[in-house]
Amino acid sequence: MTAVIQNWETQRMTSETADELALARCVTSGDEDALNALYERYADPLFAFIYHRLEGARPEETEEVWQDTLSAALRSLPTYRGQSRFFTWLCSIARHKIADHSRRQSRTTLNLSLVPPEDLINLMDNGPLPDEIVRQQSTCLRVVEVLGQLPLDYRTALVARYADGQSVDNVAQLLGKSYKATESVLSRAREAFRLALAGQPEVVL
Amino acid sequence: MNDKEIRDEENLARLIRAGFNRAARPDTSARGRGLRHLKGEWLAAYGSAARLEEQLDPRNQASVKMSSTRAHQEQTPYERNTLISKLSQHRWGFGLSAAAGAAAIVLVVLLAFPKAQATAAEVMTKGAQAVARLTSIHLRGQLRAGPVANFDSIDPDAGFCTIELWKQFEPEPKWRYEKPGRVAVWDGQSFVMFLNTANIAAKGPMGPRNPFNKDWLHQIANPTANLSNTITNELNNAIAKGWKLSHETGRADDGRLKDVVTIEAKSGRPDNDYLNNRFFDAADTRRIYVFDDQSGLLESVKIYLQAAAGDKLIFELDQIDYNQSFNPSLFQIELPPDVSLFQNEMQKLPDNEKYASMTAEQAARAYIEALGRQDWTEAEKFRRMTIDDRTKKTFGGLELVSIGESFTAKDYPGRFVPYVIKLRSGEMITNNLGFKKDGRTDRWWDDSGCFVNLNPTSH
């Protein structure tokens with residue numbers, strides 16, 4: 001069964017990468033809707049990635065690096081070949097921008113992982129996660145990476161329900177779906193999150 | 001849900017809260033700045049030429065594309081290093097990215113379009129740049145529409161009512177939108193709308209874009225947009241959709257030179273669609289923008305509905321005040337204690353299935369007949385708000401004359417049910433009831449406002 005799930009997951013990832021490549025191509029061919037979709041999908045998780053990497057930075061610094069990353073990614077879009085997930089590609093650009101920024105600020109403190117992120121899923125299976133692990137930079141980055149790669153409606157539902165504590169009714173309104181359909185989206189989103197969390201991390205921490 | 005599942009969900013919630021907490025997400029302003037900046041750069045890099053190529057006459061496409069590309073290769077680097085790059089360098093300036101976007105469009109228009117269109121685009125670009133750093137704006141005008149109708153509604157047969165918008169851009173976006181029968185505010189955190197004649201309100205954390213996303217004027221109420229974006233969007237739309245642009249100059253009474261840009265906007269909707277001419281964007285219009293030649297500032301706007309019988313003025317923006325300071329109380333509404341609140345969520349009924357299985361026609365009949373019987377409890381099963389006294393007085397005791405076959409309209413996520421009723425006063429009303437299905441309860445609900453606005457003449 002596990003093999004079936006892994007196989008399905010691999011196929012799904014391949015198909016998603018193809019979709020991401022197609023979206024990127026639409027942006028470079030002048031499709032404004034595609035640009036909006038790209039921004040809608042990746043702007044927030046990219047910001048979160050930079051926020052956690054620049055732990056302790058002022059909000060203006062986070063925003064500046066975020067803007068620089070978006071600009072650089074846009075300019076480099078023709079070079080995206082779909083060889084990795086689009087968000088992984090974005091994060092690699094962000095890491096360079098963060099490094100540039102840290103050099104300018106003479107900042108060298110980047111917290112390193114204490115718990116390998118791939119072990120999170122095992123920890124979750126063994127009881128409540130200790131607070132210190134939940135708060136770790138590596139944990140936060142792993143969560144952002146996973147959320148950044150989920151379909152937009154899954155991420156929207158999970159963030160609204162669990163990060164913002166909204167009721168299922170409100171999430172339904174946000175998604176423009178019925179209550180039942182939203183419960184179903186949430187269920188599938190939780191499963192996708194768990195599956196992605198169990199997978200090998202693509203973002204090098 | 002068993003213990004492990006509960007624990008899993010708790011763990012999942014804690015992880016998501018840690019990774020995607022509020023501080024780790026851009027706020028509304030930052031998000032808007034990010035998108036504006038990205039669009040400006042995108043237009044410069046990829047946007048304009050592609051869209052122009054799409055809308056060029058196929059007969060001329062090959063030759064124009066070639067000359068446009070050649071000109072683009074020869075001249076764009078120079079232009080980018082001057083106008084666009086300079087604008088983009090100020091990316092944190094409110095609206096400058098929009099102006100940069102407009103500059104990118106005008107560059108291509110200059111290369112590929114007749115001089116009059118190119119000049120019009122230049123004037124629009126200059127206008128977008130002139131208002132790129134606003135701290136606030138106040139607009140006042142006249143609109144042909146029912147005084148209580150939605151802000152984006154138009155009604156060519158109605159008289160004019162005043163419409164007014166105040167928007168503060170910094171330090172955080174706030175706005176107030178007002179017509180005689182309807183006022184809405186966004187205080188930066190939450191939205192309140194009040195229909196004073198019906199004593200009905202809607203409030204909550206709902207996005208402020210919801211009521212105002214239809215047309216050019218209302219895009220200003222979008223917290224991530226300002227007048228610069230609005231002008232840029234108008235130009236952008238004109239280019240992308242192939243609308244005719246023209247330019248004239250004239251002198252005002254005081255001798256100042258004015259630039260007049262006219263845009264012939266086409267809705268592209270089916271000829272017989274029910275919602276045609278009920279919204280700005282659902283109508284073919286001639287839009288006249290007047291800019292001061294020296295400052296580039298937008299001074300007035302007139303919009304005419306284009307019809308076979310002749311053009312008719314439907315909107316006039318005759319007062320534009322820039323950079324005023326507003327009293328914070330402007331962005332608050334004190335609601336009366338007895339106000340009826342619009343319910344975001346309908347509740348399931350014990351016999352919900354009975355209503356969920358109704359067709360739109362059956363539901364309309366049940367709803368209208370309940371009003372006739374003055375059975376308010378039954379009638380409220382088809383509404384998202386309670387029935388106020390004025391509605392009860394007007395529609396209580398009505399007689400249902402006929403119900404027709406329901407129909408749809410482009411972009412409307414519901415159905416319209418034709419009906420004829422006779423009020424107790426003897427007045428006959430023929431209209432269409434807008435009915436939407438609630439996703440949670442699967443029941444039809446009255447979305448048309450025809451029993452709310454109490455303004456049958458406007459329908």
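**Close-up views of a two-chain predicted model**

**View 1. B:Gln374 sits in the loop that runs between helix H8 (360-373) and helix H9 (376-379) of chain B.** Look at the backbone: B:Gln374 has a positive phi of about 60 degrees, although it is not a glycine. Is B:Gln374 buried, exposed or partly exposed? It counts as partly exposed, because it has 14 C-beta neighbours inside 10 Å.

**View 2. B:Asp442 is found in the loop between strand S15 (428-437) and strand S16 (444-446) of chain B.** Here is another residue that is not a glycine but has a positive phi, this time of about 65 degrees. B:Asp442 has 17 C-beta neighbours inside 10 Å, so it counts as partly exposed.

**View 3. B:Arg287 has its place in strand S9 (residues 285-292) of chain B.** Which residues does B:Arg287 touch, not counting those up to four places away in sequence? They are B:Ile263, B:Ala265, B:Val301 and B:Ile303. Find B:Glu264 too: it is 23 residues from B:Arg287 along the chain, and their C-alpha atoms are separated by 6.4 Å. With 19 C-beta neighbours inside 10 Å, B:Arg287 counts as partly exposed, because a residue needs 20 or more to be buried.

**View 4. Stepping back, chain B holds 10 helices and 16 strands.** Of its 459 residues, 39% are buried. Take the contacts in chain B between residues at least 6 apart in sequence: 59% of them join residues at least 24 apart.

**View 5. Chain B meets chain A through 38 of its own residues, which are in contact with 43 residues of chain A.** On chain B's side, the elements giving two or more residues are helix H1 (3-19) and helix H2 (28-55). H2(B) provides the largest share, 15 residues. What kinds of residues make up this side of chain B? There are 17 nonpolar, 8 polar and 13 charged ones.

**View 6. Within chain A, helix H2 (residues 32-53) and helix H7 (residues 137-149) have axes that come within 9 Å and cross at roughly 170 degrees.** That angle is why H2(A) is described as roughly antiparallel to H7(A). From H2(A), the residues at the meeting point are A:Tyr42, A:Pro45, A:Ala48, A:Phe49, A:His52 and A:Arg53. Their partners in H7(A) are A:Gln137, A:Cys140, A:Leu141, A:Val144, A:Leu147 and A:Gly148. By type, the residues of this contact split into 8 nonpolar, 3 polar and 1 charged.

**View 7. Helix H7(A) is mostly covered, with 11 of its 13 residues buried.** Among the buried ones are A:Thr139, A:Arg142, A:Val143, A:Glu145, A:Val146 and A:Gln149.

**View 8. The largest nonpolar core has 62 residues.** Those touching the most other members are A:Leu46, A:Ile50, A:Leu90, A:Val143, A:Leu158, B:Ile16 and B:Phe20. H2(A) gives the most to this core, with 11 residues. Zoom in on A:Leu46: leaving aside its neighbours within four places in sequence, it is in contact with A:Trp66, A:Thr69, A:Leu90 and A:Ala94. Apart from this core lies another, of 53 residues, including B:Leu143, B:Ile163, B:Ile231 and B:Val261.

Conventions. Residues numbered from 1 in each chain as written. Chains lettered and ligands numbered in written order. Predicted model: local features only at pLDDT ≥ 70, side-chain atom pairs only at ≥ 80, totals over all residues. Contact = placed C-beta atoms within 7 Å. Helix = DSSP H or I, 4+ residues; strand = E, 2+ residues; numbered from the N terminus. Nonpolar A, V, L, I, M, F, W, Y, C, P; charged D, E, K, R; others polar. Axes fitted to C-alpha atoms, helices over the stretch in contact; angles between N-to-C directions. Parallel < 35°, antiparallel > 145°, perpendicular 65-115°, else oblique. Core = buried A, V, L, I, M, F, W, Y, C linked by C-beta atoms within 7 Å. Buried ≥ 20, exposed ≤ 12 C-beta atoms within 10 Å, placed from the backbone.
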